[in-house]
Amino acid sequence: QVQLVESGGGLVQAGGSLSLSCATSGRSFSRYAMGWFRQAPWLDREFVAAISWSGGSTYYADSVKGRFTISRDNTKNTVYLQMNSLKPEDTAVYYCAAADSYFNDYVTDRADEFDIWGQGTQVTVSS
């Protein structure tokens, strides 16, 4: 069973950058598609970005396209989210999630297709 632990959140001014990491435990990390979601107060959880098991396919929400980059290092069992040009509306708790793709090269933005979730890390962007 894969377990996920996010880190790297914090407080940053608008226009700044943050890099989130999601470290995983478990021997099967490389076969999982990975995703990042976020949830702001009083709002539903929303999709941010996803990456296939190989890293060959990525998918972004329109709101972050061109500003955020998802990547992974299967040798380190870690997935990353580089966030640039941050805006106050990016403020949220960011969650890492894993979907067992059995080495099929797919990505998804559907939260119900991710069956393992981390505890979240807070990102706050001040104006």
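Trainee: How many aromatic pairs does the model have by the rule for rings?

Mentor: This is a predicted model, in which local features need pLDDT of at least 70, side-chain atom pairs count only at pLDDT 80 or more, and totals for chains, interfaces and linings use all residues. Residues are numbered from 1 along each chain as its sequence is written, and side-chain values use heavy atoms, with hydrogens and water left out. Rings of Phe, Tyr and Trp (its six-membered ring) pair if their centres lie within 6.5 Å; planes under 30 degrees apart are stacked, over 60 edge-to-face, and the rest tilted. By this rule the count is six.

Trainee: What is the angle between the planes of Phe37 and Phe47?

Mentor: Phe37 belongs to strand S4 (residues 32-39) and Phe47 to strand S5 (residues 46-51), strands being DSSP runs of E with at least two residues, numbered from the N terminus. The two rings are 5.6 Å apart, centre to centre, and form an edge-to-face pair. The angle between their planes is 75°.

Trainee: Is Phe37 buried or exposed?

Mentor: Buried means under 20% relative accessible area, exposed over 50%, and partly exposed in between (1.4 Å probe, protein chains only). Phe47 is buried, and Phe37 likewise is buried.

Trainee: Over which ring does the charged end of Arg45 sit at 4.6 Å from the centre?

Mentor: A charge sits over a ring if NZ of Lys or CZ of Arg is within 6 Å of the ring centre and within 35 degrees of the ring normal. The charged end of Arg45 sits over Tyr95 at 4.0 Å from the ring centre. At 4.6 Å, the ring is that of Trp117.

Note on methods
Helices (H or I, at least four residues) and strands (E, at least two) are DSSP runs, numbered from the N terminus.
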